[in-house]
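Please look through the model slowly, with the sequence beside you, before reading on. The paragraphs below are meant to be followed with the picture open.

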Amino acid sequence: MVEDEAILSMQLELLIEDAGHVVVGTAFSAAEAIRMAHETQPDIAFVDLQLRGGSSGLDVARAVRDLEGVMIVFVTANAAMLPEDFEGGAAVIPKPFSVAIMEGTLPYLEECVRRPPPKAARPTGMRLAPAYEARWAAAS
């Protein structure tokens, strides 16, 4: 998880753990996130767009998008600032998010990682990247 706001980071971590998942680490900057992603190889990386020190979640996406099996999900108040291709990211969840949105999104993302393409309907409050949408449509 890459989030530089401590309260949001704790909230997201609790939601992820309450859903039965393990948070392998929390980073506050792009450099820290990139190092952590290479060390831990997470299934899903939740990444904020604007990070400490002027770094960007886009830097994280560019650096880890080719790691095998890492799905990048942006969690940001600046979703309109994402490039059309999401820099290889799979989805975006706009801030502020609700507990209900995250509770609906986590099982869907797990299905995306474990048993693609997902059979469940796309959850409200999450937008898929065009490449992922095309991939899931072609596989259906």
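Predicted model: local features only at pLDDT ≥ 70, side-chain atom pairs only at ≥ 80, totals over all residues.

Residues are numbered from 1 along each chain as its sequence is written, and side-chain values use heavy atoms, with hydrogens and water left out.

Which residues of helix 1 are buried? They are Ser9, Leu12, Leu15 and Ile16, where buried means under 20% relative accessible area, exposed over 50% and partly exposed in between, with a 1.4 Å probe and protein chains only. These four residues cover an arc of only 130 degrees around the axis, which puts them on the same side of helix 1; the arc is that of the directions from the helix axis to the C-beta atoms. On the other side of helix 1, Ile7, Met10, Leu14 and Asp18 are exposed. Strand 1 (44-47) and helix 4 (99-114) are included in what covers the buried residues of helix 1. Just after helix 1, glycine 20 takes a positive phi of about 95 degrees.

Now turn to the sheet, which is open and has 4 strands in the order 1-2-3-4, with mixed pairing; two strands pair if DSSP finds at least two bridges between them. The edge strands are strand 1 and strand 4 (127-128), each of which pairs on one side only. Strand 2 (residues 71-76) pairs with strand 1 in the parallel sense over 4 bridges, and 4 bridges also join strand 2 to strand 3 (residues 91-94), again running parallel. Valine 73 in strand 2 is the bridge partner of phenylalanine 46, and its bridge partner in strand 3 is alanine 91.

In a regular strand the side chains alternate between the two faces of the sheet. In strand 2 both faces are covered, with Met71, Val73 and Val75 buried on one side and Ile72, Phe74 and Thr76 buried on the other.

Finally, helix 4 lies across strand 1, strand 2, strand 3 and strand 4, running at about 140 degrees to strand 1, where axes are lines fitted to C-alpha atoms, for helices over the stretch in contact (heavy atoms within 4.5 Å), and angles run from 0 to 180 degrees between N-to-C directions. Among the buried residues of helix 4 are Met102, Leu106 and Cys112.

Definitions and conventions
Helix = DSSP H or I, 4+ residues; strand = E, 2+ residues; numbered from the N terminus.
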